[in-house]
Amino acid sequence: MLVSVIIPTYNRQKYLKKSLDSVLRQTYYNYEIIIVDDNSDDKTDDYVRSLNNPKIRYFKNNFTMLAPTSRNIGISHSKGELIAFLDDDDEWYHDKLEKQVKLFKNSNVGLVYSGVDLFFEDFNLTYPSSPKLKGNIYKNMLIKNYIGATPSVIIKRDALNNVCKKENEYFDPKFPARQDYDLWIRITETWEVDFISEPLLKQYYRNSINRISSNVNNHIKAHALMDNKYKLFINSLLSFSDKNTRLYNQYLFIAAQAIKINEKKIATKYYLEAFKIKRDLKSLIMCIISIFGSKLMIKLRYYFK
C-alpha cells in the first residue's frame, strides 16, 4: 500500500531536514511525502526544492492557515491508501512504517498508532509513552485520548473519508487545539484501532519553539467545544463515574500542558481541580511537585518510566 506522509511546516527549516531524513530512511519504500508550507519566510521553499527528490511534493499556502488546515490540504493532495503524519521538528525511527503498515491486513482496522519517545531537549531527558487500548475503543476515547498526537498515527483513507462531513475538512479547524483528539473520536466510532507497543518515533519538546498546542487557553476552549460536540454521546454512553473520570483527565491534560511550558500556577491549579474530583494520590503528588516547576516534574517522570 502507498503511504502518504503529510508534513505541515512553518519557519522550521533548521529542524525540517532531520524530520525529512527520518522518512527517507524508512525500511518501507512505498511512500510519498507531502510538505505543506504554511507561508514560511525562512527559505523553506528553497531548501525543499533543492532536494529535487521525486518522492517529495511541496505546496505553499498563500497565507498562514495553521497546522490542522495544512494537514487537511496535504490529505487532499495525497494519493496513498494510508495517510501518516509527521511534525516538522519530530523524527521517526527507521522501521516505523514497516511495522505499522502490517497491522492494516486486518480490514476492520482504520487507525494504527505506536509508542513514542518524548524528548525534552532543554533537560536532555527522554521517557516513553506506551499504548494501552486497541479494538473498539470509542467509549474509552470519549473519556480520554488514548491514541495521542498525530506523529505516531497512520490512518486508512477510507476511515478518513467516512468521517469527513465537509470537503477536505478532516481535522476540524474550529478547534483551537486538540483537533487530533476530535478526529480520533470520530474514527473510532466506526473503526477498530491497533498499535505497536514500542516507541517508533521521537517527539521533541523545546521551550524555545512557539506551538499553538502549548497555549493552555486553547486547550480549555477546545475542551468546551468537545463537550458540546459530543454531548449526546457523553450523556448516553457514559456513566456518572465515567463523566467524572473524563473531567479528571481533562484537568490532568491541561495541567500537563501548563507544566511543559513551566506555567507553574496554572499547572498547580488544574492538578488541584483533578484532585478534588478523585482525591487520589497521583493528582495530589503532581499538584505538590508542580509548585517547583517543570524540571522536577519531567525528571520524576523520567526516573519512574
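Glu-273 is partly exposed, at 24% relative accessibility, where partly exposed is the range between buried (under 20% relative accessible area) and exposed (over 50%), found with a 1.4 Å probe and protein chains only. Its partner in a salt bridge is Lys-276, with the closest N and O atoms 3.4 Å apart. Here a salt bridge is a side-chain nitrogen of Lys or Arg within 4 Å of a carboxyl oxygen of Asp or Glu. Both Lys-276 and Glu-273 belong to helix α11 (residues 264–278), three residues apart, about one turn of the helix. Helices (H or I, at least four residues) and strands (E, at least two) are DSSP runs, numbered from the N terminus. Lys-276 is partly exposed as well, with a relative accessible area of 46%.

A word on how to read these values: this is a predicted model, in which local features need pLDDT of at least 70 and side-chain atom pairs count only at pLDDT 80 or more, while totals for chains, interfaces and linings use all residues. Residues are numbered from 1 along each chain as its sequence is written, and side-chain values use heavy atoms, with hydrogens and water left out.

**Salt bridges**

The count of salt bridges comes to 19. One of them joins the side chains of Arg-57 and Glu-32. Arg-57 lies in strand β3 (residues 56–60) and Glu-32 in strand β2 (residues 31–37), so this pair ties together parts that are 25 residues apart in sequence. Another salt bridge links Lys-174 with Asp-172. In that pair, Lys-174 is exposed, whereas Asp-172 is buried.

| Salt bridge | N to O distance | Relative accessible area |
|---|---|---|
| Arg-57 and Glu-32 | 3.1 Å | Arg-57 22%, Glu-32 9% |
| Lys-174 and Asp-172 | 3.2 Å | Lys-174 55%, Asp-172 6% |
| Lys-276 and Glu-273 | 3.4 Å | Lys-276 46%, Glu-273 24% |

Salt bridges can also join up into a network, as they do for Arg-12, Asp-88, Asp-89, Glu-121 and Arg-206.

**A positive patch**

Look next at the surface, where Lys-132, Lys-144, Lys-278 and Lys-282 gather in a patch of positive charge. Patches are made of residues with over 30% relative accessible area and no salt bridge, with like charges joined within 9 Å. Lys and Arg count as positive, and the place of a Lys charge is taken as NZ. Lys-144 sits in the loop between α5 (138–143) and β8 (154–156), and is partly exposed at 34%.

**The nonpolar core**

Now for the inside. The largest nonpolar core has 37 residues, and those with the most contacts inside it are Leu-111, Ile-147, Ile-155 and Ile-187. Such a core is a set of buried Ala, Val, Leu, Ile, Met, Phe, Trp, Tyr and Cys residues joined through side-chain atoms within 4.5 Å. Among the elements that each supply at least two residues of this core are β2, β4 (82–85), β6 (109–120), α6 (157–163) and α8 (216–229). The largest share, five residues, comes from α7. In soluble globular proteins, nonpolar side chains tend to be buried together.

How many residues of α7 are buried? The count is 10 of the 10, so α7 is largely enclosed by the rest of the structure. Its buried residues include Tyr-181, Leu-183, Trp-184, Ile-185 and Ile-187.

Arg-178 is found in the loop between α6 and α7, and is buried at 9% relative accessibility. The C-alpha atoms of Arg-178 and Lys-221 are 9.7 Å apart, although 43 residues separate the two along the chain.

Definitions and conventions: Patch = residues over 30% accessible without salt bridge, like charges linked within 9 Å, V, L, I, M, F, W, Y side chains within 5 Å. Areas by Shrake-Rupley, 256 points an atom, 1.4 Å probe, with all protein chains shown as cover.
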